[in-house]
Amino acid sequence: MCDLVDQNSIKGIVEEILLINSSDREIEQEAPRKGFSYIPSPIRLYIDSGGGDVYSYLGLIAVMRNSVTPVHTYVMGAAMSAAFMIAAMGQKRFCYKESTYMYHQTSTQSCGTLEDVKNDMEHLHELEKRCNTILFKRTNLSARVVRPYHVKNKDWYMTSSEALGWGVVDHII
C-alpha cells in the first residue's frame with residue numbers, strides 16, 4: 001500500500017484478505033480428509049503511506065483483526081497517520097531500519113451550520129477515543145503518553161527504534 005489510505009486503495013486489500021481467508025478455510029477443511037495438516041501462510045501487507053481516511057483504515061483493521069489468516073505488516077518507508085494505525089495492527093509487525101512513523105490526533109474538515117460543526121466535533125471526539133482504545137490495546141502507548149502531542153496539536157514522528165520501544169512494531173529488518 002503506497003497510496004493514501006482511502007476507499008479506493010483499501011477496497012482491493014480488503015477483497016484480497018477476504019478471498020485468501022475463504023481459500024484458507026476451504027483448504028483447512030479439506031486437509032484432514034486428504035491426510036495432511038494445513039497452516040496458512042501469513043498475508044504480507046507492505047506499507048509506505050502518508051496516511052488518509054479514518055473510516056477506511058477502521059474498515060481495513062476490522063478485517064485484519066478478524067482474519068483467520070494472519071496479516072503481517074511491513075513498513076518500507078513511511079507509516080503516517082492512518083497508515084501508522086494499520087501498521088500497528090498487524091499480527092506480527094515489521095519495518096525496515098530507515099522507516100518513519102507518525103502519530104497525530106484524528107483530524108477532519110467540517111462545514112455547515114454551527115450545530116453541524118458541534119455535532120461533527122462530538123463525533124470526532126468519540127472517533128478519536130475509539131481509535132486510541134484500539135491503538136493502546138496493541139502497543140505500549142497510552143493516553144498519558146500521547147496527551148502532550150494532542151495538547152500542542154503536534155505530529156509525533158518516530159524512528160524505527162522508537163517505534164520498537166513503544167511496541168508499535170515487533171521487529172526491525
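Which helices each supply at least two residues of the lining of the largest pocket? I looked it up, and they are α2, α3 and α4.

**Ground rules.** I am working on a predicted model, where local features need pLDDT of at least 70, side-chain atom pairs count only at pLDDT 80 or more, and totals for chains, interfaces and linings use all residues. Residues are numbered from 1 along each chain as its sequence is written, and side-chain values use heavy atoms, with hydrogens and water left out.

**Largest pocket.** I noted a volume of about 270 Å³ for the largest pocket. A pocket here is an open set of points on a 1 Å grid over the protein atoms alone, where a 1.4 Å probe fits, with protein on both sides within 12 Å along at least five of seven lines; lining residues have an atom within 4 Å of a point. Of its 18 lining residues, S81, H104, Q105, T106 and S107 are the closest to the centre.

**Second largest pocket.** This one comes to about 180 Å³. I found Q105, T106, M121, L124, H125, E128, K129 and H150 in its lining, and α4 gives the largest share, five residues.

**Helix α2.** I then turned to α2, residues 54-65 (helices are DSSP runs of H or I, at least four residues). Its buried residues (under 20% relative accessible area, 1.4 Å probe, protein chains only) are V54, S56, Y57, L58, L60, I61, V63 and M64. I checked what covers them, and the list includes α1, β1, β2, α3 and α4.

Methods. Expected span 1.5 Å × (residues − 1). Buried < 20%, exposed > 50% of the residue type's maximum accessible area, 1.4 Å probe, protein only. Contact = heavy atoms within 4.5 Å. Points joined across faces, edges and corners; volume = space filled by probe spheres on them.
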